[in-house]
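Student: Pick one part of this model and walk me through it up close, please. I'd like the numbers and the cut-offs behind them.

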Amino acid sequence: MARRYDTRTTIFSPEGRLYQVEYAMEAISHAGTSLGILATDGILLAAERRNTNKLLDEVFFSEKIYKLNDDMVCSVAGITSDANVLTNELRMIAQRYLLQYGESIPCEQLVSWLCDVKQAYTQYGGKRPFGVSILYMGWDKHYGYQLYQSDPSGNYGGWKATCIGNNSAAAVSSLKQEYKENETTLAEAQALAVKVLSKTLDMTKLTPEKVEMATLTRKDNKTIIRILTSTEVEKLISDFEKSEAEAEAAKKQPPKS
Amino acid sequence: MSILAYNGGAVVAMKGKDCVAIATDKRYGIQAQTVSTNFPKVYQIGPSLFVGLPGLATDTQTVYQRLKFRMNLYELKENRIMRPKTFSAMLSNLLYERRFGPYFIEPVIAGLDPIDNQPYVCNMDLIGCPNEPEDFVVSGTCTDQLYGMCEALWEPDLKPDELFETISQALVNAADRDAISGWGAVVYVIEKDKITEKHVKTRMD
């Protein structure tokens with residue numbers, strides 16, 4: 001009889017930790033990287049595509065980046081099936097708010113609402129938490145461009161630049177050094193994103209098939225969400241490789257006496 | 001008195017040559033009293049898709065909001081624009097869900113299919129029975145007059161400017177024979193790469 005209660009997921013450990021939540025975060029640290037950067041004139045999300053098998057019949061145009069409503073986009077890292085459930089729920093939450101209040105849901109409200117759902121799975125029900133971390137980028141009339149991150153525990157925070165998934169710690173410290181608050185334009189952010197992604201992608205080289213990028217900007221009182229084409233991604237990668245090569249060459253030059 | 005005639009109104013849609021047109025009056029009234037002359041009952045719901053929702057005004061607004069809810073989710077999940085036939089099916093389903101406590105509107109749908117550019121019109125009753133004819137559809141409190149006008153004026157393969165004239169005359173003359181329709185009119189002509197919106201001057205009585 002006691003066996004029934006042995007494997008409950010929603011209890012504290014003697015040290016005061018929630019093991020299932022930590023294990024969920026561990027699962028995410030093995031998943032493909034996603035990063036987001038807030039720029040002065042827009043926001044971007046970039047993600048590493050893991051499913052690049054040639055035999056895959058390319059049905060989806062985006063593996064990890066999902067549009068939530070007219071003003072918000074999210075990117076996920078972790079268990080894809082869990083992510084699908086959550087993004088569906090996010091879309092429903094946004095539409096229900098629109099139906100009830102006649103205006104678009106503010107970014108933080110959407111994040112907060114979903115995080116309440118995620119938190120419920122850490123406290124009751126006996127079900128495991130969702131193995132997904134989500135990066136949200138959006139615009140609303142209260143706070144302008146915003147970037148949020150949420151994790152399986154249901155915690156969320158607003159960020160200027162952040163990263164989730166494989167090698168995210170290295171990426172975050174890299175962003176900490178290179179990101180200049182209030183001075184980074186969207187174009188500079190794109191270049192920075194490619195640079196950081198190339199570091200997190202382990203040994204493999206950056207190719208357009210491996211990278212997804214989306215930008216969110218405002219023009220004429222409307223939000224414009226764009227998923228970059230592979231040609232544009234290719235250009236960003238080649239620009240990055242060129243600047244890397246120039247940096248290498250400059251290092252090799254003997255110092256001027 | 002009929003709930004469908006509490007606020008009054010008229011909507012008509014017609015097929016043309018590679019185009020459709022949809023027209024509505026602008027009256028918002030409460031029985032005999034006219035409250036506003038800026039209440040069109042036609043909404044654009046997709047790049048080439050319009051829906052007209054004449055009937056009880058509160059249901060006009062609510063059904064439009066609920067349609068938008070379902071449309072938005074569809075377009076996000078399927079990552080494509082909804083086709084007019086699918087929209088009809090969805091609206092029919094939405095109305096039949098309320099079979100024993102219906103929304104008091106009798107909608108009209110007009111659009112161009114985004115894939116094969118075929119014109120499409122449809123109307124349905126308040127519990128969602130669809131009717132997809134080859135010529136025109138009418139709805140509102142002066143349907144008898146509208147049917148008469150459309151039958152007399154419509155012919156197949158009208159070009160966009162001819163279609164505009166035809167649909168405007170049909171709506172205006174029918175609404176003039178109805179006390180609770182009229183007070184201004186809006187006509188939309190939907191072609192493959194442009195949509196024209198014209199506000200027609202009518203008798204304001």
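Tutor: Let's start with Ser81(A), which counts as partly exposed because its relative accessibility is 48% (buried is under 20% relative accessible area, exposed is over 50%, and partly exposed is in between, with a 1.4 Å probe and protein chains only). Bear in mind that this is a predicted model, where local features need pLDDT of at least 70, side-chain atom pairs count only at pLDDT 80 or more, and totals for chains, interfaces and linings use all residues. As for bookkeeping, residues are numbered from 1 along each chain as its sequence is written, chains are lettered from A and ligands numbered from 1 in the order written, and side-chain values use heavy atoms, without hydrogens or water.

Ser81(A) sits in helix H3 of chain A, and that helix is the part to look at. (Helices are DSSP runs of H or I with at least four residues, strands are runs of E with at least two, and both are numbered from the N terminus.) Between Ser81(A) and Val132(A) there are 9.3 Å from C-alpha to C-alpha, with the two 51 residues apart in sequence.

A salt bridge comes next: Asp82(A) and Arg128(A) meet through their side chains at 2.8 Å, N to O (the rule asks for a side-chain nitrogen of Lys or Arg within 4 Å of a carboxyl oxygen of Asp or Glu). Asp82(A) belongs to H3 and Arg128(A) to the loop between helix H4 (107-123) and strand S5 (132-140) of chain A, so the pair ties together parts 46 residues apart in sequence. Asp82(A) is buried at 7% relative accessibility, while Arg128(A) is partly exposed at 46%.

Glu89(A) and Arg96(A) make another salt bridge, with 3.7 Å from N to O. Glu89(A) comes out as partly exposed at 28%, and so does Arg96(A) at 40%.

Now for the neighbouring chain. Chains A and B bury about 920 Å² between them, 69% of it on carbon and sulfur atoms. (Buried area is the accessible area, 1.4 Å probe, that two parts lose on being put together, summed over both.) Of what chain A buries against chain B, 58% is supplied by Arg91(A), Gln95(A) and Leu99(A), more than any other three residues. In contacts (heavy atoms within 4.5 Å), 11 residues of chain A meet nine of chain B.

H3(A) makes the largest share, seven residues.

Two quick looks elsewhere in chain A. Lys67(A) forms a salt bridge with Asp70(A), at 3.9 Å between the closest N and O atoms; Lys67(A) is partly exposed at 36% and Asp70(A) is exposed at 52%. Arg49(A), in the loop between strand S2 (42-48) and S3, is buried at 15%, and its side chain has a polar contact of 3.4 Å with that of Glu212(A).

Definitions and conventions:
Polar contact = N/O pair within 3.5 Å; in protein donor to acceptor, adjacent residues only side chain to side chain.
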